[in-house]
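Please keep the sequence and the coordinates at hand while reading.

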Amino acid sequence: MQKILIVEDDTNINNLLQEALSKEGYSCEQAFSGTEAKLLLNMQKHGYALVLLDLMLPGISGEAVLEEIRKKGNLPVIVLTAKDSLDEKVEVLTSGADDYIPKPFRMMELISRVRAL
């Protein structure tokens with residue numbers, strides 16, 4: 001079973017993602033801040049297949065978390081964010097995100113993109 005790290009400070013969205021992905025057969029771990037995500041990513045035992053990453057997080061920003069992930073390798077990252085400007089999309093994708101989904105999103109689309117990565 002592939003493990004996904006969900007990094008989203010909105011509890012409702014985080015839980016919704018966890019529930020939907022679990023129904024699709026994924027194992028999910030939840031982080032509610034950038035600081036918590038960084039701690040979980042630094043623990044080698046997890047072996048995540050993918051990270052779903054919000055950008056506007058308490059503690060460490062999503063951009064900083066993405067930077068840390070890229071320093072360590074090529075773990076796939078899908079950014080989920082309310083930031084929707086073209087400049088923001090280009091910047092995040094250039095910084096190493098594998099995909100970018102603006103909020104609000106449709107769960108079927110998100111699950112399709114998770115499967116693709």
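Where is Ala49 found? Ala49 lies in the loop between helix 2 and strand 3; helices (H or I, at least four residues) and strands (E, at least two) are DSSP runs, numbered from the N terminus. The model is predicted, and local features need pLDDT of at least 70, side-chain atom pairs count only at pLDDT 80 or more, while totals for chains, interfaces and linings use all residues. Residues are numbered from 1 along each chain as its sequence is written, and side-chain values use heavy atoms, with hydrogens and water left out.

Ala49 counts as partly exposed, at 26% relative accessibility. On this scale, buried means under 20% relative accessible area, exposed over 50%, and partly exposed in between (1.4 Å probe, protein chains only). Leaving aside neighbours within four places in sequence, Ala49 is in contact with Gln2, Lys3, Leu75 and Pro76, where contact means heavy atoms within 4.5 Å. The C-alpha atoms of Ala49 and Val114 are separated by 9.8 Å, although these residues are 65 residues apart along the chain.

Five strands form an open sheet in the order 2-1-3-4-5, with parallel pairing; two strands pair if DSSP finds at least two bridges between them. Strand 2 (27-31) and strand 5 (99-102) stand at the edges with a single partner strand each, so one side of each is left without a neighbour in the sheet. On average, neighbouring strands of this sheet are turned by 20° against each other, direction ignored. Axes here are lines fitted to C-alpha atoms, for helices over the stretch in contact, and angles run from 0 to 180 degrees between N-to-C directions.

The individual pairings can be followed through the bridges. Strand 1 and strand 2 run parallel and are joined by five bridges; Ile4 has Cys28 in strand 2 as its bridge partner. Together with helix 1, strand 1 and strand 2 make a right-handed β-α-β unit. A crossover is right-handed if, with the strands pointing away from the viewer, the path from the first strand over the helix to the second runs clockwise. Strand 3 and strand 4 pair in the parallel sense over three bridges, and Leu53 stands opposite Val79 in strand 4. Strand 4 and strand 5, also parallel, are joined by four bridges, with Ile78 opposite Asp99 in strand 5. From strand 4 the chain crosses through helix 4 to strand 5, and this β-α-β crossover is right-handed.

Helix 1 lies across strand 1 (3-7), strand 2, strand 3 and strand 4, and runs at about 170° to strand 2. Helix 2 packs on the sheet by touching strand 1, strand 2 and strand 3, and its direction makes about 135° with that of strand 2.

Within helix 1 (residues 11-23) lies Asn14. Is this residue buried or exposed? Asn14 is buried, with a relative accessible area of 0%. The side chain of Asn14 makes a polar contact with the side chain of Gln30 (2.8 Å). A polar contact is a pair of N or O atoms within 3.5 Å; within protein, one must be able to donate a hydrogen and the other to accept it, and residues adjacent in sequence count only if both atoms are side-chain atoms. Apart from neighbours within four places in sequence, the residues in contact with Asn14 are Ile6, Glu8, Gln30, Ala31 and Phe32.

Helix 3 (residues 62-72) has Gly62, Val65, Leu66 and Ile69 as buried residues. Seen down the axis of helix 3, these buried residues fall within an arc of 100°, so they line one face of the helix; the arc is that of the directions from the helix axis to the C-beta atoms. What covers them includes helix 2 (34-42), strand 3 (50-53), strand 4 (77-81) and helix 4 (86-94). Gly73 follows helix 3 and has a positive phi, near 155°.

Towards the end of the chain, Pro104 is found in the loop between strand 5 and helix 5 (107-116). The peptide bond from Lys103 to Pro104 is cis, with omega near -5°. In helix 5, the buried residues are Leu110, Ile111 and Val114. Viewed down the axis of helix 5, they fall within an arc of 95°, so they line one face of the helix. These buried residues pack against strand 1, helix 1, strand 3, strand 4 and strand 5, whereas the face turned away from the buried side carries the exposed residues Met108, Arg115 and Ala116.
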